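Hi,

Here is the structure I promised to pass on. Have a look first, and my notes follow below.

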Amino acid sequence: MSGLISAAGLGLVGTTAPAPAGRRAPDELRELAERAGRELEGAPAVEIAGWAAETFGDRFCVTSSMADAVLAHLVSRVAPGVDVVFLDTGLHFPETLAVRDEVARTLPVTVRSIRPRLTVGQQDGEYGPRLFNRSPDECCRLRKVEPLERALAGYDAWAAGLRRDESPSRANTPVVAFDPRRGKVKVNPIAAWSQADVDAYIARWNVPVNELFRRGYGSIGCWPCTRRTKAGEDPRAGRWAMFEKTECGLHL
């Protein structure tokens, strides 16, 4: 791992160096991602986050669904003031918005709530009511995927809270990879964590957590497409339960 990340990226608050100004070319970003993916595999999550913060500076952001604030908290330790992008679909549970507000109030981060181009009412008028019941992929595209594209326009790299143990579709998640669709580096600092690791981090740092987990939800998205999970079910089984769909499209 020597030569990839300096002492500045090892979890010391306020020590990350500024990244070069201006957008890097896709080929450079791809090379950076491929090298980091190899050399940071097995590294502590805070070191992975530190590498991203040091490498990309203010052209690096965190995305969060506000199921909990683990990733936002982790990255804020090495990059205080980091932008945290939250996709405000207009269909979130109040408990999710409460976590967002607590994160903005208590953590050293800058929360950016990104809304779709259409309100829920405008979408109903243009596409018909309850699009999420008829075409959840299209609803996710309008309310999540397109807003994320806009939100990431000013960044070279973004961090997500994906974990390999969440579902079979995420089992091979790399800690750093190149996102060819967006031409950006995607960083998954906690990819190798288990639920026990997440729980231990939450307990140690008193991280905000969505109240819905205590009410039987295994994974939390928009309220029309999320149900409680049953004992023994995959944590994401409660998402789009009436469809053959396990991802909203953000991470495909």
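To start with a question: is Arg215 buried, partly exposed or exposed? Arg215 is partly exposed, with a relative accessible area of 39%; buried means under 20%, exposed over 50% and partly exposed in between, with a 1.4 Å probe and protein chains only.

Some housekeeping: this is a predicted model, in which local features need pLDDT of at least 70 and side-chain atom pairs count only at pLDDT 80 or more, while totals for chains, interfaces and linings use all residues. Residues are numbered from 1 along each chain as its sequence is written, and side-chain values use heavy atoms, with hydrogens and water left out.

Arg215 forms a salt bridge (a side-chain nitrogen of Lys or Arg within 4 Å of a carboxyl oxygen of Asp or Glu) with Glu95, and their closest N and O atoms are 2.7 Å apart. Glu95 sits in helix 4 and Arg215 in the segment after helix 8, 120 residues apart. Glu95 is buried, at 18%. In total, the structure holds 16 salt bridges.

Now the strands (helices are DSSP runs of H or I with at least four residues, strands runs of E with at least two, numbered from the N terminus). Strand 2 (residues 83-87) has four of its five residues buried. Strand 2 pairs (at least two DSSP bridges) in the parallel sense with strand 1 over three bridges and with strand 3 over five bridges. Within strand 2, Val84 is the bridge partner of Val62 and also stands opposite Val111 in strand 3.

Best wishes
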